Amino acid sequence: MSTISVPAGTAPATTRPATTKKKATGTAGKRRLPLLPALIFVVAVTQIPFLLTIYYSFQSWNLVRPGSFHFVGFQNYADVFTDSTFLGALLNTVVLTVVCVFLSLLLGLGLAILLDRKFVGRGFVRTLLITPFLILPAAGALLWKTTMFDPTYGLLHFVFGTDVDWLSQFPLAAVMAQIIWQWTPFMMLLTLAGLQSQPKDVLEAASVDGAGRWRTFVSITLPHLSRFLQLATLLGAIYIVNSFDAIFLMTQGGPGTASTNLPFYIYQRAFEGFDIGQSSAMGVVVVIITMIVATFALRLMFRAFSVDGGTK
């Protein structure tokens, strides 16, 4: 039998893909190496504190009682779900988030439709409408507390002529008004980006076919905006559910616990009640609930943004 000789210096063909793969892996590792300090920093400031929070959630520890630090297992978690104040704060958080996201999204959609049309001074009006989102949340809360809701010198007192103490009689509604005012421009920007990205030829074809404005909006514009509306809802809910500045500066969670939400109640238990164990358990429970809701919302959003309509 004859044998096939391989020329000297020629490597077998089967070794080339492996060598190429090793080179690609090494190149990718070198590209990711500059990101290592950022990864270490993120882990240090987010994951390590969260692990400590989980550890403290299994301990009974009150800072004003020396020697109170001891292991209690899941007792803190059992106390969380039997705490009526925590359940009330959870309900306030859900109501505040749903109402603020819905109304700010509705107002942002209306303003985006108006700004999508050409008129004199559109750029100036757009800048004015974006301004509330650029103001710091603490500054916006103080602005509304002193200039809008003050029962003596506020604008609402001047307009309606009543001496209603809005922050005492309608605390949650007052906080909602400030948050909606601040987050409406964000919803408007996302919706306006969606409006300006829709193909004009489709709108022209609908107009030629005799479709009215309302029919065009319902059948063409609204389906096109669905992905942008879902994104705005998800991002708005993530940020609004963590609202703290408005409640802390406007109502302090009162009267009583009428406007207390979960972030403010956890702050009260940790920094005013000095109960590290139970406040840590509350934080872990809130993180788990948020992760479950965010995972479900992200799946819906990825499905909406995928080209073939399926999840990846």
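Helices (H or I, at least four residues) and strands (E, at least two) are DSSP runs, numbered from the N terminus. This is a predicted model, in which local features need pLDDT of at least 70, side-chain atom pairs count only at pLDDT 80 or more, and totals for chains, interfaces and linings use all residues. Residues are numbered from 1 along each chain as its sequence is written, and side-chain values use heavy atoms, with hydrogens and water left out.

Start with the whole protein. It has 14 helices and two strands. Of its 312 residues, 32% are buried (under 20% relative accessible area, with exposed over 50% and partly exposed in between; 1.4 Å probe, protein chains only).

Next, select helix H14, residues 276-305, and find Ser279 in it. Ser279 counts as buried because its relative accessibility is 6%. A polar atom of its side chain lies 3.0 Å from the backbone oxygen of Ile276. Show its contacts (heavy atoms within 4.5 Å). Beyond neighbours within four places in sequence, Ser279 touches Ile266, Arg269 and Ala270.

Now go to the largest nonpolar core, with 36 residues. Such a core is a set of buried Ala, Val, Leu, Ile, Met, Phe, Trp, Tyr and Cys residues joined through side-chain atoms within 4.5 Å. Select Leu96, Cys100, Phe149, Ile179, Ile240 and Met250, which have the most contacts inside this core. Helices H4 (84-115), H6 (137-147), H9 (171-197), H11 (213-240) and H12 (245-250) each supply at least two of its residues. H9 gives the most, 13 residues.

Zoom in on Leu96. Leaving aside neighbours within four places in sequence, Leu96 is in contact with Leu172, Val175, Met176, Ile179, Ile240, Ser243 and Ile247.

Last stop: another core, of 12 residues, lies apart from the largest one and includes Tyr77, Phe86, Ile266 and Val285.

How values were computed:
A polar contact is a pair of N or O atoms within 3.5 Å; within protein, one must be able to donate a hydrogen and the other to accept it, and residues adjacent in sequence count only if both atoms are side-chain atoms.
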